[in-house]
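Hi there,

Here is the structure I promised to pass on to you. Have a look at it first, and then read my notes below.

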Amino acid sequence: MVYVTLAGAILSEVLATTAMKYSDGFSKLWPSLATAVGYLLAFALLARTLKSMSVGTAYAIWAGAGTAVIAAIGMVFLGESASALKILGVLLVIAGVVVLNLGGATH
């Protein structure tokens, strides 16, 4: 169940960050509200995750997965560059999360 909660936190953070892109510097109401609600939900779910998972592991997975997904969204949907070096960086983030997770996810 802890991984479901963490996945919800990651999804909320990714949706909030994507909405922030469309908020135009918080000048558009609905994307700005979606950003605020998304981050509130992400932090609430992350806090719940921390009840049964170590903070280092949970935060590494949350931040790493969020970073990788946002980078992919930027490259695939938002026209950002997709250089080999950028893709390698994303793969290294994912590899780091996997290695940390192999160390044990519970506290």
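This is a predicted model: local features need pLDDT of at least 70, side-chain atom pairs count only at pLDDT 80 or more; totals for chains, interfaces and linings use all residues.

The chain has four helices and zero strands, so reading along the sequence gives you the pattern α-α-α-α. Along the principal axes, the C-alpha atoms fill a box of roughly 40 × 35 × 15 Å. There are 107 residues in the chain, and 32% of them count as buried. The accessible surface is about 6,500 Å², and carbon and sulfur atoms account for 76% of that. If you take the contacts between residues at least 6 apart in sequence, 67% of them join residues at least 24 apart.

Now for helix α3, which covers residues 55-77. How far apart should its ends be? At 1.5 Å a residue, its 23 residues should span 33 Å, and because the end C-alpha atoms are 32 Å apart, the model agrees with that expectation.

Which residues of α3 are buried? They are T57, A58, A60, I61, W62, G64, G66, A68, A71, I73, G74 and M75. When you look at that list, remember that an α-helix has 3.6 residues a turn, so residues three or four places apart point the same way. The cover over the buried residues of α3 includes α1 (2-22), α2 (29-49) and α4 (84-102).

Happy exploring, and write back with any questions!

Definitions and conventions
Residues are numbered from 1 along each chain as its sequence is written. Side-chain values use heavy atoms; hydrogens and water are left out. Helices (H or I, at least four residues) and strands (E, at least two) are DSSP runs, numbered from the N terminus. The expected span of a helix is 1.5 Å times one less than its number of residues. Buried means under 20% relative accessible area, exposed over 50%, partly exposed in between (1.4 Å probe, protein chains only). Contact means heavy atoms within 4.5 Å. Accessible areas come from the Shrake-Rupley method with a 1.4 Å probe; for residues, only the protein chains shown count as cover.
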